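Good morning, everyone. Please have the sequence and the model open side by side. I'll keep this brisk.

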Amino acid sequence: MGRTRIAIFVDGADWHTRRLTAAFARRGAEALPVSLSACGFGPEGPAIPGFDGGLPDACLVRTISAGSFEQVTLRLGVLHALAHGGVPVANTPAAIERCVDKSATAFRLAAAGVPTPRTWSVADPVQASAILAALHAEGRSAVLKPLFGSQGKGLRRLDPGMALPGPEEIAGVYHLQEYVGAADGGWFDWRVFVVDGRPLAAMVRQGDHWITNVKQGARCHPASPGGVLGDLAVAAAAAVGADYAGVDVIRAPDGRFLVLEVNSMPAWRGLQAVTPVDVAQALADLVLARLASVSPVSADARRAG
């Protein structure tokens, strides 16, 4: 049996990739960064550069680059084909699709009974205006989010008296979530990192405005991942079927903890700065544990191509 080979799907060998490569190496596995934009299909199935015509033993998806609808469909199709062929893929393409699409995430969370702010996804501007008007009549604000988006980009808070933008400004879909101000005042929430059904680490993200993403300048502070916070994050990750996830949680003024987002390809550089837990090692161990449940004969066959 040859050395275990792992594909890290990522665009660019960044800090995260270097940490992951070192973590896999500590377990005797070789990790190779590969961009999904370089992958495709041939007569024999998925074609993954760097694996000598064969397939990786397992895969970890760090990022999927943006592109046309056709390009993204092809990249997800490669992941689906790998999973169908018995290659462990974390996160699974189905989980990634559920998390990338905020409407699917909201549906899954609600169906699982995970508490979240009230959320609507509609394409009709008339319907969206009626929803916003009803919220404003309650004295509430709404957050308009891109259906596909991350890192706090493109968020708009629509306070009473404010109108919706035109459909051409938001790619034709209105994803509206009731705005929840943080308990105790200020702008902060929690990011809980869930791996393999357990809350691995957590941090408080404190911002200077209502958007608290680290990429938007929020400061990171250590937090305990246990208790109600951890249980809620684990339930949210399970609801979307994610092997690992970054779950964003806020505490409403009435004291309830609510899930805002579930990220299936979370970064963790800010989190790593405030936790002693080696996040990359936990992810590498997750992937290798998934691989351990696969038949060694099947793994050797994939290496051979």
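One definition before we start. A residue is buried under 20% relative accessible area, exposed over 50%, and partly exposed in between, using a 1.4 Å probe and protein chains only. Ala171 counts as exposed, because its relative accessibility is 77%.

Now, what are we looking at? This is a predicted model, so local features need pLDDT of at least 70 and side-chain atom pairs count only at pLDDT 80 or more, while totals for chains, interfaces and linings use all residues. Residues are numbered from 1 along each chain as its sequence is written, and side-chain values use heavy atoms, with hydrogens and water left out.

One more term. Helices (H or I, at least four residues) and strands (E, at least two) are DSSP runs, numbered from the N terminus.

Let's begin with the backbone. Stay with Ala171. Its phi is positive, about 60°, although Ala171 is not a glycine. Find it in the loop between β9 (156-158) and β10 (174-178).

Asp196 also has a positive phi, near 55°, and is a residue other than glycine. It sits in the loop between β11 (188-195) and β12 (198-206). Asp196 is partly exposed, at 43% relative accessibility.

Next, a peptide bond. The one from Ala90 to Asn91 is cis, with omega near -10°. Asn91 belongs to the loop between β6 (89-90) and α3 (93-100).

On to helix α2. How far apart are its end C-alpha atoms? They are 22 Å apart. The expected span is 1.5 Å times one less than the number of residues. For the 16 residues of α2 that should give 22 Å, so the two agree.

Which residues of α2 are buried? They are Arg75, Leu76, Val78, Leu79 and Leu82. Looking down the axis of α2, these buried residues fall within an arc of 140°, so they line one face of the helix. That arc is taken from the directions from the helix axis to the C-beta atoms. On the other side of α2, Phe69, Glu70 and His84 are exposed.

What covers the buried residues of α2? The cover includes β1, β3 (40-42), β4 (45-47), β5, β6 and α3. Contact here means heavy atoms within 4.5 Å. Just after α2, Gly86 takes a positive phi of about 95°.

Last topic: salt bridges. A salt bridge is a side-chain nitrogen of Lys or Arg within 4 Å of a carboxyl oxygen of Asp or Glu. By this rule there are 17 salt bridges.

Take Asp14 and Arg62. Their side chains meet in a salt bridge, 3.9 Å from N to O. Asp14 lies in the loop between β1 (5-9) and α1 (15-26), and Arg62 in the loop between β5 (58-61) and α2 (69-84), so the pair ties together parts that are 48 residues apart in sequence. Asp14 is partly exposed, at 27% relative accessible area. Arg62 is buried, at 5%.

Now Arg205. Arg205 forms a salt bridge with Asp189, with the closest N and O atoms 3.0 Å apart. The pair links distant parts of the chain, with Arg205 in strand β12 and Asp189 in strand β11, 16 residues apart. Arg205 and Asp189 are both buried.

Arg205 also meets Asp248 in a salt bridge, 3.3 Å from N to O. Asp248 lies in strand β14 (residues 244-251) and Arg205 in strand β12, so this pair ties together parts 43 residues apart in sequence. Asp248 is buried, as is Arg205.

Finally, a network. Salt bridges that share partners join Arg118, Glu138, Arg140 and Glu178.
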